[in-house]
Amino acid sequence: MPDIAQLVAAINSRDLTGLVSQLVQIPSISWGPAGEQMGGRFEADMVQFLTDYFRRAGVSTELQEAAPGRHNVLATIPGAGPKSLVLDAHLDTVPVENMEIEPFSGEVRDGRLYGRGACDTKATLGAMMYVVSLLAREKVRPPATIRFTGTVDEETGFCGITALAASGLKADGAVVGEPTDLQLVVATKGAARMKIRATGRAAHTAQPEQGHNAVYDMARVVTALQDRLAPRLARKTHPLVGSPRLTVSIIQGGRRANIVPDECTIDVDRRVLPGETREEVLGEIEAFVQEMRTEIEGAELEVLEPYAFVLGTECTPEDEVYAAAQKAVQAVLGTCRPKGVPYTTHGSTFQQMGIPNITFGAGSIDQAHTANEWVEVAQLPKAAEILLRICLTFGA
Ligand SMILES: [Zn+2]
């Protein structure tokens with residue numbers, strides 16, 4: 001067993017802060033006009049930086065193509081035993097339009113490090129890289145093999161995590177790096193997004209009785225979603241993440257002011273609790289729409305196949321990664337109350353891959369994606385120490 005105290009003492013806050021600042025200075029926008037302005041480079045400069053960083057530390061890395069020109073960075077520290085633990089952090093950020101601060105300064109001021117990605121999720125990415133390189137530098141053989149995965153495209157299309165899953169990666173646990181304010185997150189919500197379409201019959205608005213108004217039908221569906229289905233969902237609760245939520249987020253219908261609309265569609269975003277299945281969630285929406293079909297005379301309503309579906313995640317104290325992380329957080333912060341969060345992470349895919357996972361990282365989700373994103377510098381060495389302790393105890 002490696003000497004934990006000695007390795008903890010080797011964490012240098014200034015080096016770690018410098019590393020996170022450097023990461024923030026590298027643009028890695030995965031979508032929006034700014035992403036295109038970057039000449040389609042997306043995360044490419046980050047990939048180069050990580051590769052060089054690990055090479056200097058003597059860590060073996062591998063690039064995994066996720067899309068043309070876009071690569072996950074995989075780094076491995078061989079372990080003493082048969083188990084393995086994934087440390088995952090995404091390399092991309094959301095766009096920088098409307099930011100009030102210089103997005104790529106990486107400036108440290110009054111105990112905060114500023115810039116796009118500082119909190120989501122380059123602080124945690126840096127802490128993971130730092131820990132991996134520390135293990136290599138100190139020639140530590142942890143109990144389990146540590147597999148670092150720097151993944152692309154978390155903020156939009158998920159091609160990074162999709163490629164990782166397709167590669168057949170096996171592991172006994174995973175830490176997903178996202179801003180949790182150093183808290184241990186053991187449950188996350190998933191999300192289902194789909195369209196519901198009403199089809200009517202067009203007619204001249206001088207004789208609306210000749211047609212069937214799809215907008216009128218959909219108006220009743222929308223009202224019933226709000227008044228009837230949402231309260232039903234509110235009665236379901238999960239101890240860590242609360243209730244599923246349902247939002248009608250887009251409505252489109254009609255062609256011209258003088259034509260009775262023959263089509264209207266809405267987009268529904270339905271948040272999913274850990275344990276809820278795809279069949280359950282879709283069955284419930286379909287049953288609701290069936291009620292509406294019988295209530296609205298002549299309505300032609302259709303639920304389209306979801307264009308996004310992410311399951312909720314949950315791991316339990318029996319999962320080794322939960323126990324190791326709980327001990328590590330307890331040791332560093334003096335207290336640990338595992339919690340749930342309402343957003344989705346790469347954890348859903350890891351769960352589908354059969355890998356129990358927790359979400360953990362520096363910075364608050366309140367600062368993620370904001371106009372003046374920052375992370376508290378004092379959290380960086382604590383995040384690194386917690387990650388280091390997890391790496392040194394998992395699989396022992
Ligand atoms: Zn993130």
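## The α5/α11 crossing

Helices α5 and α11 cross with a right-handed sense (left-handed is when the near helix is turned anticlockwise from the far one by less than a right angle, right-handed when clockwise). This comes from a predicted model, where local features need pLDDT of at least 70, side-chain atom pairs count only at pLDDT 80 or more, and totals for chains, interfaces and linings use all residues. Residues are numbered from 1 along each chain as its sequence is written, and side-chain values use heavy atoms, with hydrogens and water left out.

The two helices, α5 and α11 (residues 379-393), pack at about 50 degrees with their axes 9 Å apart. Axes here are lines fitted to C-alpha atoms, for helices over the stretch in contact, and angles run from 0 to 180 degrees between N-to-C directions. That makes α5 and α11 oblique to each other (under 35 degrees is roughly parallel, over 145 roughly antiparallel, 65 to 115 roughly perpendicular, and the rest oblique). Helices are DSSP runs of H or I with at least four residues, strands are E runs of at least two, and both are numbered from the N terminus.

On the α5 side, the residues in contact (heavy atoms within 4.5 Å) include Ala123, Met128 and Leu135. Their partners in α11 include Leu380, Leu387 and Cys391. The contact of α5 with α11 has 13 nonpolar residues, no polar and no charged ones. Ala, Val, Leu, Ile, Met, Phe, Trp, Tyr, Cys and Pro count as nonpolar, Asp, Glu, Lys and Arg as charged, and the others, Gly among them, as polar.

## The zinc site

The zinc ion gets its protein donors from His90 (NE2), Asp120 (OD) and Glu178 (OE), at 1.9 to 2.1 Å. Donors are N, O and S atoms within 2.8 Å of the metal (3.2 Å for Na, K and Ca); water is not among the atoms, so sites may look incomplete. Along the sequence, the spacing reads H-x29-D-x57-E.

Histidine 90 sits in strand β3 (residues 84-90) and aspartate 120 in helix α5 (residues 118-137), 30 residues apart, so the pair links distant parts of the chain. Both histidine 90 and aspartate 120 are buried (under 20% relative accessible area, with exposed over 50% and partly exposed in between; 1.4 Å probe, protein chains only).

Most residues other than glycine have a negative phi, and most peptide bonds are trans. Aspartate 120 turns up again here: a cis peptide bond joins it to threonine 121, with omega about 0 degrees.

Aspartate 110 has a positive phi of about 50 degrees and is exposed, at 74% relative accessible area. Phenylalanine 158 also has a positive phi, near 60 degrees, and is partly exposed at 32%.
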